[in-house]
Amino acid sequence: MMASLGAEIVTLEPGRVALSAPVQDGFKQQQGFAHAGVTFALGDSAAGYAALSVMPLEVEVMTAEIKINLLAPATGRLIAEGRVLKAGRRLVVVAADVFAELDGTRTHIAALQGTMVPVNL
């Protein structure tokens, strides 16, 4: 999914990850803005990678549930900043904010909060 979106990791530190991806023509909705699915996918992935960054090497994570509030339409480049709110052995509570950057202006377009489940490989 991340390769299809053209996403890349911008920052990576324990409990925090930022991803970036252009809004490609194939991922726009009928008015020309980024489709909500793209915003959700990028935010979910940033939150998931943030959760993964605090797990032992033999553990992966999967999204159990995640909620999104769409705040504004998006054009340009998307930046998703994921973070761990609380890491536990069975659940990791995460959040992500997604921004759109265009012509030097950054707009907060979505807020996500959810739960990741650690999964042993």
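Val92 sits in strand S5 of this predicted model. Val92 has a relative accessibility of 0% and counts as buried; buried means under 20% relative accessible area, exposed over 50%, and partly exposed in between, with a 1.4 Å probe and protein chains only. Leaving aside neighbours within four places in sequence, Val92 is in contact (heavy atoms within 4.5 Å) with Ala51, Met55, Val84, Lys86, Ala87, Gly114, Thr115, Met116 and Pro118. Asp44 is 48 residues from Val92 in sequence, and their C-alpha atoms are 13 Å apart in space.

Residues are numbered from 1 along each chain as its sequence is written. Local features need pLDDT of at least 70 and side-chain atom pairs count only at pLDDT 80 or more, while totals for chains, interfaces and linings use all residues, and side-chain values use heavy atoms, with hydrogens and water left out.

Two of the residues that Val92 touches, Thr115 and Met116, lead on to other parts of the chain. Thr115 belongs to strand S6 (residues 105–120) and is buried, at a relative accessible area of 12%. The side chain of Thr115 forms a polar contact of 2.6 Å with that of Glu65. A polar contact is a pair of N or O atoms within 3.5 Å; within protein, one must be able to donate a hydrogen and the other to accept it, and residues adjacent in sequence count only if both atoms are side-chain atoms. Beyond four places in sequence, Thr115 is in contact with Met62, Thr63, Ala64, Glu65, Leu91, Val92 and Val94.

Asp97 is buried, with a relative accessible area of 16%. Its side chain makes polar contacts with the side chains of Arg83 (3.0 Å) and His108 (2.9 Å). Residues up to four places away not counted, Asp97 touches Ile79, Ala80, Glu81, Arg83, His108, Ala110 and Ala111.

Over the whole protein chain there are two helices and six strands, in the order α-β-β-α-β-β-β-β from the N terminus. The radius of gyration is 14 Å, close to the 14 Å that the globule rule gives for 121 residues, so the chain is as compact as a globular protein of that length. This radius is taken over C-alpha atoms, and the rule is 2.2 Å times the number of residues to the power 0.38. Of the 121 residues, 38% count as buried. Among contacts with a separation of 6 or more, 62% join residues 24 or more positions apart.

How values were computed: Helix = DSSP H or I, 4+ residues; strand = E, 2+ residues; numbered from the N terminus.
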